[in-house]
Structures are given as C-alpha cells and as structure tokens.
Amino acid sequence: MTASVRLRFATLADAERLLHWRNDADTRRFSLNAEQVTEQQHMRWLQQSLSNPQRRLFIAEYADQPVGTVRVDSTADCHRISWTVAAECRGKGLAKAMVKLLVSQLTGKVVAEILPGNIASIKVAQYAGLTYQSTHNGIMYYAYQTPG
C-alpha cells in the first residue's frame, strides 16, 4: 500500500477538510490538545503553518482521494512528526503507509509524541521504524535516527 499513497503539500484550499479531521472525536481524544478548534483558530493556525519554513504540512492521498495529513516540524536537532487519518479511512493501513513515506524523506532524528493508550499510533510509529524512548509528563516519545 505504501507505493500507492502519495503526499502533497497542504494549501489553504484544504482548510475545511483539515478542520473536519482535526475536530473528529477520536482525533481529539488522542491529541496533545484535545480541545475543539474553531474555524477562526484553525484558519490562523493553517496560515501560520503554511508560512512557517520549519513546518511542512502534507495531505496524504490514496487513489487520488485525500485520506489524512502528516506534519513535520524541523529544528537543527530533530524532526517532530504527527498525523491524522480521516475517520472513514481508518483501519486500512493508510497511516502506516503515509508516516513511513514521510519518515523515508527525512534525515536525522525523527520523533513522535504519542499519548498512552493510542495503540493505533504506537503501531504506526513502530511500522515507520520509530522505537519507544521514554515517557515524560504523560506523553510517550518514539524516535528513529535515520542512517547517514
């Protein structure tokens, strides 16, 4: 399935879709910030995200349909990644495919912050090559050091 998932840069045209995915109950339950986001808050965040040179926000597509999003925030030390899969697309291995694809394009240390109990995201992180490092303040850290 990995070969058939592709990543494209998100744009302002994706705002409504991204907000819908962000405010999904399961997404919020496993987000570091579980609050419902307003359209105004979301638009401000999206505009800032798209103009931030250290953040890359992608839409994952499968069979030419948007199925989720992956984000990478890069610093000199590491790349922090996060992801969301559209509710209707969950359970099909798409998160594994899109996160593995993202990780394959990064060099250096890759880190994901996952809440305990989020078994699906733990499996995705492990599939992408990340391993459990530690837990701090109720957040589990998974990391991967790319070769080279």
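Select helix 1 together with its surroundings: the buried residues of helix 1 pack against helix 2 (25-29), helix 3 (39-51), strand 2 (55-62), strand 3 (65-74) and strand 4 (79-85), where contact means heavy atoms within 4.5 Å, and helices (H or I, at least four residues) and strands (E, at least two) are DSSP runs numbered from the N terminus. This is a predicted model, in which local features need pLDDT of at least 70 and side-chain atom pairs count only at pLDDT 80 or more, while totals for chains, interfaces and linings use all residues. Residues are numbered from 1 along each chain as its sequence is written, and side-chain values use heavy atoms, with hydrogens and water left out.

Next, colour A15, L18, L19, W21 and R22, the buried residues of helix 1 (buried is under 20% relative accessible area, exposed over 50%, partly exposed in between, with a 1.4 Å probe and protein chains only). Seen down the axis of helix 1, these residues fall within an arc of 160°, so they line one face of the helix; the arc is that of the directions from the helix axis to the C-beta atoms. On the face turned away from that buried side, select the exposed residues E16 and H20.

Now centre on R22, whose side chain reaches the backbone oxygen of N33 at 2.7 Å. Leaving aside neighbours within four places in sequence, R22 is in contact with T27, R28, N33, E35 and V37.

Finally, select strand 4, where five of the seven residues are buried, so that strand 4 is largely enclosed by the rest of the structure.

Methods: A polar contact is a pair of N or O atoms within 3.5 Å; within protein, one must be able to donate a hydrogen and the other to accept it, and residues adjacent in sequence count only if both atoms are side-chain atoms.
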